[in-house]
There are 6 protein chains.
Amino acid sequence: MPDIHQQTIHDNVSRALAEDIGSGDCTASLIPENTQMTTRVIARENAILAGTEWFNAAFQTLNSKIDIRWFAGDGDEIKPDQELCRLTGPARSILSAERTGLNFLQSLSATATLAGAFVTAVSGTSAKILDTRKTIPGLRVAQKYAVSCGGALNHRVGLFDAILIKENHISAAGSITKAIQMAAELYPQLLLEVEVENMAELAEAVTTNAQRALLDNFPIELLRQAVNRYSGRIELEASGGVNLQTVRAIAETGVDYISVGEITKNIKAIDFSMRFIQD
Amino acid sequence: MPDIHQQTIHDNVSRALAEDIGSGDCTASLIPENTQMTTRVIARENAILAGTEWFNAAFQTLNSKIDIRWFAGDGDEIKPDQELCRLTGPARSILSAERTGLNFLQSLSATATLAGAFVTAVSGTSAKILDTRKTIPGLRVAQKYAVSCGGALNHRVGLFDAILIKENHISAAGSITKAIQMAAELYPQLLLEVEVENMAELAEAVTTNAQRALLDNFPIELLRQAVNRYSGRIELEASGGVNLQTVRAIAETGVDYISVGEITKNIKAIDFSMRFIQD
Amino acid sequence: MPDIHQQTIHDNVSRALAEDIGSGDCTASLIPENTQMTTRVIARENAILAGTEWFNAAFQTLNSKIDIRWFAGDGDEIKPDQELCRLTGPARSILSAERTGLNFLQSLSATATLAGAFVTAVSGTSAKILDTRKTIPGLRVAQKYAVSCGGALNHRVGLFDAILIKENHISAAGSITKAIQMAAELYPQLLLEVEVENMAELAEAVTTNAQRALLDNFPIELLRQAVNRYSGRIELEASGGVNLQTVRAIAETGVDYISVGEITKNIKAIDFSMRFIQD
Amino acid sequence: MPDIHQQTIHDNVSRALAEDIGSGDCTASLIPENTQMTTRVIARENAILAGTEWFNAAFQTLNSKIDIRWFAGDGDEIKPDQELCRLTGPARSILSAERTGLNFLQSLSATATLAGAFVTAVSGTSAKILDTRKTIPGLRVAQKYAVSCGGALNHRVGLFDAILIKENHISAAGSITKAIQMAAELYPQLLLEVEVENMAELAEAVTTNAQRALLDNFPIELLRQAVNRYSGRIELEASGGVNLQTVRAIAETGVDYISVGEITKNIKAIDFSMRFIQD
Amino acid sequence: MPDIHQQTIHDNVSRALAEDIGSGDCTASLIPENTQMTTRVIARENAILAGTEWFNAAFQTLNSKIDIRWFAGDGDEIKPDQELCRLTGPARSILSAERTGLNFLQSLSATATLAGAFVTAVSGTSAKILDTRKTIPGLRVAQKYAVSCGGALNHRVGLFDAILIKENHISAAGSITKAIQMAAELYPQLLLEVEVENMAELAEAVTTNAQRALLDNFPIELLRQAVNRYSGRIELEASGGVNLQTVRAIAETGVDYISVGEITKNIKAIDFSMRFIQD
Amino acid sequence: MPDIHQQTIHDNVSRALAEDIGSGDCTASLIPENTQMTTRVIARENAILAGTEWFNAAFQTLNSKIDIRWFAGDGDEIKPDQELCRLTGPARSILSAERTGLNFLQSLSATATLAGAFVTAVSGTSAKILDTRKTIPGLRVAQKYAVSCGGALNHRVGLFDAILIKENHISAAGSITKAIQMAAELYPQLLLEVEVENMAELAEAVTTNAQRALLDNFPIELLRQAVNRYSGRIELEASGGVNLQTVRAIAETGVDYISVGEITKNIKAIDFSMRFIQD
């Protein structure tokens, strides 16, 4: 798994704590101040785990005295009833952070699990699964991390770290060739990819120094033709209409990459429960 | 729809723009600086619209000269191919903000639409649908707003604006009665709700001045008994195992409220497309 | 005392340190870098202590090596010449944080002490003292905490955690009944209180499902009538013209709550001194 | 009145709005969205006005369409029943910002009024009234501005913009002379003031290039001696035990400055009311 | 010039204003509140202009009523005594923002001018000048923009938007080939560059799918050999010991890129003056 | 060296880390997670060291487990090949923070070294070297600290902590005398300096209670006359056209202070290298 900038985790978590705790946890005062508690997190369905550092930060930002021992790590496949971790510390703080910690775990594991399902669906082919910029606002970096926990790869993080030339850019520049030339000169250090709508545009893209072509909504048959003609001369990425039913057929055309908006724009929260251990 | 604090929208949007644009939109420079553009947003499926103010803010934070005219509003039911709004302004800025604006619209309309489905499922009964604190981290307030666009009601925003007494609080205080008494004295201005696990606990809760009881995972038959015995003496809220298949039967028991985690913890992004109009 | 969100303390304190220290404490360099110091805080008048966590944070944010031992806690009654705490650590940092730490202690103890005076004034009656939203800008949550240290209760924190329907809302909705109905439907999870100007409005309020009525500037005699007629059917809260001279008479009418703006809008700083111990 | 950095006003106000409005103003939705309103602020006691820019910012941050016309300005003496300003604009936003705007006005006018009382008390003498660093945490700059509205002068803002050498610095440096020498060399651009405890220390201070001596808790008689011996050779500032009863006698000793902690550490909120005008 | 994210300008400028104005501009109060002023900025040496948007933001953040008309734009060559722009507006605000505005202009034009000197030095060769991550802390994005104003290109912004494999990575992975393979799999969307120390390492790099090799401190003769053997098979970037004396000889070896730390790590401020026009 | 507010260091460093690391260090994942590393920083030229606390913060913000042992301190003269410090800790984090840490060290040591050169150039005279407000935006306080490491003194930090009356203020007030009087009354606690253009203005300044006169662009001969006539009656500060060639002659005229914009507006980065120690 890639290294995550601690600042991202800190920002995500302190925002989430603030929106849940606001001016103070009113129920906390019902628990005597010095009560200690031990509790464990249990998986309730099959999933790929992601978000343990966000979970930890939710508790430890609130109270550095909470100790958390994990028995599984990000990227691990987990099963129903599996004990994932054990928390020990001041009861008030554990209860105050519980929901925030679980919200991260259930959302990010959802993304990892969905990414993993797509990776599994194409296993044995040479296609690699990529994410997109269709993400939940505010969680871009966290979701991209979860995608990698699921075994898929990250496309560009945003508009700043790779170039994807689209229809509007092409018509403004005059042609695919001119748009790519312009971009290559301005940003020689960035990956240069161009979105093409049909085989003629792809033929032009191959003659430029774009490293990758995004074949948008190409039917299976055309994807296969594109691979036959241009494979090895330019990387080929399929996108559009990709889901768990269609992804295998797309992968079998021989494309290098398949980018899937669904991985990050949908969330089907994974079910976890926190169970308190009687002392 | 309730009034939304502008600060929330501003914070959500500037965070989302920052994560997408980072050090700068590299493709923007391919568009001549003074190019103007007109574009429209089209719905591609049935949904309830939510998030128009976040969408507007994404564009207008980047460039106050972008003009947006809406033909539908938050809370409206929208149909495939319906034109929702029209944007006119500097092309660079419209393209830079496009993804961020759509990400808000697709996520928040997802929540409104799911909330609306639950509301429809219980229509004709007296049960009201509530959301929970199981939300996407960082979007709590925005999602709660989207829930109201879908016609459902908001439960407490966080740990600060209502009291929900749970098992841990009860065992710390010694009994349901003592926990409620303590909370009522400390926070007379907050709604007081208590989670009960069985009919005996509910019987005790009714004798306190809790205004509402949360019946956690009660079977249908027990919910009905609870309504028969205690309706009118305490508000009854069902939760646990609620989904679109089960919610109607739960509503027909006569409970006052049904709280549904799924509404805010899952996202099934609504499909919108932005189409450029040739000048 | 309720649990305070650490983020509030951190925000209050880092803002206060920034405004006092700015680009750096110029006098600190007159003290050799490794000098250690022991110092103690002494009360100089009778008061109720509040703000010890803010005091601690002022010193420990600047230098985590400052050790602070307290001999009294928030909510305790303190006396002239009583030693409250002892600080040991690097002299430069203790001197740099001294004023900020004391400013919190003197302001928050002022609020606790004033709240305590009102609580004492009504002791033996059934009336409870509440604070209001008339607070020092930027210290809302801290002052509400200090109020609870003084033994009084908190009214709503802000516009988001309880509903208080006032004249403008009533005339916009058409009647008290309509305004309450509307609010109850939108926010079933919030306390619903309505401000009434006379006995006729109170009579109407009682027939709604408002939980509390705010009797604004009712003369003593009318308060007594209100209690006689409606006590037990709706909670009664008196406000307006409340001070230490008038509060007992108001309490003796039998109202449930008395809200007092003076507790948080006025500050009569408590006198503390920091005395350095010769090594 | 000095020019105030707009950033300070913006920070003060957005913090105050956030703590009052939180996740949203729940009562706002009771007012129809397009209702316009005219309202006026009335003084209810004699005072010196301060804080009009904070008041404006509270309303206009929330809604830039609120128009505010003032009939008095910061530093003006105002009288009971005097109309101070008139607001016109969207009713929802005016009601949401009302309390925050008034909280600034009542707190800052309190400080200006108290400062003015001390200035009046010493009128005709050559003594000038100064404030101190004993301020309400978070409002340092705003209060210093209010002090100047009341006609008094500002002492240093914090530890960074002037040097006040105290007992600890002197004992660390070895002598008054050495401490002053050290400070003068390090910070030639800052005012250099030294706190003295008795006449011998003052005698030493006069021989240094300190520009001002702070006579801490000197009895009236000693203050007079200090003036007789040293006036014109070093500026003399009295502090300690200053209140409205004692300040005139202190001023008549001939000291140049009197610094008064009470001006900024105490708040006796000025009473304003907002009255709605029927259209 | 590339499009700059407005957030970057806003952040840079508000930080700079805060550090200059702090608790308020004390001299501003010497200028009557309503005084208007016209002033112009004059170049005092040959340079390439950069930073006009930061300059504008410094004035307009403080006071939106300041009007600025430019007669030159970013990237233009300017000459001594050339009038660059004219400002009209409230005198207080113009004087308060003057230094901050000029500080941006003099720093960023310095970078553009130095970048331009390197570009000129290699003109006629095929080598392109790149910047590095050796920048002034806090001004990374602004400096990268200034580099492009000078006609040079930007290398990666930071550690997130391109991969540069160095010695430590290679020894951790076991070999150049393994390190590149690993990186290519993890981040297919990023430019992959590898730093090589000698011809043997370069020979290995060519066999991988790295797109560029950084030849660190290669003597001129070796650079020429590298070009002869590998040009066209991998992009070649020279770095180390590059200055205005050596850069032409390096460029004439035929390398594709030369990266120059000096462009952004050194600042030789350009001299501008602001002259006030008598009305 | 003066004490630096930790908040300044923290703000500077977290901003610099954010701009370098952005969404994550992509190369970090090439290093196995548990690899430890020892590395040392070597000076490559003569310089005065400054910025060690910023360097430490860059590494320790990222990972508190990095241990740093210094063999030299801020203000020390360092030589080529001198080992300055040794770092031990997790390799990933050391490599991620390396560039940011070095960028602070090279920039701030540049300022200290340049300041030191000016101090040396005037040694033996009574003139003291001052910095100005011509600084790199965002690094004002850090650079002022570096100036003091080089043995020079700090002029005012910004517009808030000292008064420098310039031409515009004088013409607005009507005369030097009136401008000074006005400023002295408003801000008795601030140093009062006035900029004069010629001997007549200086003659007037001496009769006021300004403590210092800034002689702007006075020729050497006039500076000498100014010293002869007014030394001891007002502090004399020379500025304009000061560089390492001219500064000694200026100092020998007998002026008290010489302020030098070049010290902080130019940066000639000091060369440091980080060398990894094989285990």
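In this predicted model, Thr135(F) is buried, its relative accessible area being 1%. The residue sits in the loop of chain F that runs between strand E6 (128-130) and helix H4 (140-149). Leaving aside residues up to four places away in sequence, Thr135(F) is in touch with Asn103(E), Arg140(F), Gln143(F) and Thr264(F). With one of these neighbours, Arg140(F), the side chain of Thr135(F) makes a polar contact of 2.8 Å.

The fold of chain A was examined next. Chain A contains 10 helices and 12 strands, and its C-alpha atoms occupy a box of roughly 70 × 35 × 25 Å along the principal axes. Buried residues make up 63% of the 279 residues of the chain. Among contacts in chain A with a sequence separation of 6 or more, 71% link residues 24 or more positions apart. Chain A has an accessible surface of about 9,800 Å², and carbon and sulfur atoms account for 45% of that surface.

The interface of chain A with chain B involves 53 residues of chain A and 54 residues of chain B. About 4,900 Å² is buried between the two chains, with 59% contributed by carbon and sulfur atoms. On the chain B side, the residues that lose the most area to chain A are Glu19(B), Leu30(B) and Leu159(B), which together provide 15% of what that side buries. Polar contacts across this interface number 19 residue pairs, counted where both residues have pLDDT 80 or more. At least two residues of the side of chain B that touches chain A come from each of H1, helix H3 (91-121), strand E7 (163-165), helix H5 (167-173) and helix H6 (176-186). Of the elements of chain B, H3(B) gives the most to this side, with seven residues. By residue class, the side of chain B that touches chain A comprises 28 nonpolar, 15 polar and 11 charged residues.

Four salt bridges are counted between chain B and chain A. Asp20(B) takes part in a salt bridge with Arg140(A), in which the closest N and O atoms are 2.7 Å apart. Asp20(B) also meets the side chain of Arg133(A) in a salt bridge, again with an N to O distance of 2.7 Å. The latter pair crosses between chains, from the loop between strand E6 (128-130) and helix H4 (140-149) of chain A, where Arg133(A) lies, to helix H1 (residues 6-21) of chain B, which holds Asp20(B). Both Arg133(A) and Asp20(B) are buried.

The interface between chain C and chain D was described in the corresponding terms. Here 53 residues of chain C contact 54 residues of chain D, and the two chains bury about 4,900 Å² between them, 59% of it on carbon and sulfur atoms. Glu19(C), Leu30(C) and Leu159(C) supply 15% of the area that chain C buries against chain D, more than any other three residues. Four salt bridges are counted between chain C and chain D, including one of 2.7 Å, N to O, between the side chains of Arg133(C) and Asp20(D). The polar contacts between these chains comprise 19 residue pairs, both members at pLDDT 80 or more. Helix H1 (6-21), helix H3 (91-121), strand E7 (163-165), helix H5 (167-173) and helix H6 (176-186) of chain C each provide at least two residues of the side that touches chain D. The most is given by H3(C), with seven residues. The side of chain C that touches chain D divides into 28 nonpolar, 15 polar and 10 charged residues.

Other chain pairs are not in contact. Chain C and chain E do not touch, their nearest C-alpha atoms being 8 Å apart. Chain B and chain F likewise do not touch, and their nearest C-alpha atoms are 8 Å apart.

Over all chains, the structure contains 60 salt bridges. Arg248(C) and Glu252(C) form one through their side chains, at 2.9 Å, N to O, and Arg248(C) is partly exposed, with a relative accessible area of 30%. In chain E, the side chains of Glu83(E) and Arg40(E) meet in a salt bridge of 3.5 Å, N to O. Because Glu83(E) lies in strand E5 (residues 83-90) and Arg40(E) in strand E1 (residues 36-43) of chain E, this pair ties together parts that are 43 residues apart in sequence. Arg40(E) counts as partly exposed, at 25% relative accessibility. In chain A, salt bridges with shared partners join Glu193(A), Arg212(A), Glu235(A) and Glu237(A) into one network.

Key:
Residues numbered from 1 in each chain as written. Chains lettered and ligands numbered in written order. Heavy atoms only, no water. Contact = heavy atoms within 4.5 Å. Buried area = accessible area lost by both parts, 1.4 Å probe. Polar contact = N/O pair within 3.5 Å; in protein donor to acceptor, adjacent residues only side chain to side chain. Helix = DSSP H or I, 4+ residues; strand = E, 2+ residues; numbered from the N terminus. Nonpolar A, V, L, I, M, F, W, Y, C, P; charged D, E, K, R; others polar. Buried < 20%, exposed > 50% of the residue type's maximum accessible area, 1.4 Å probe, protein only. Areas by Shrake-Rupley, 256 points an atom, 1.4 Å probe, with all protein chains shown as cover.
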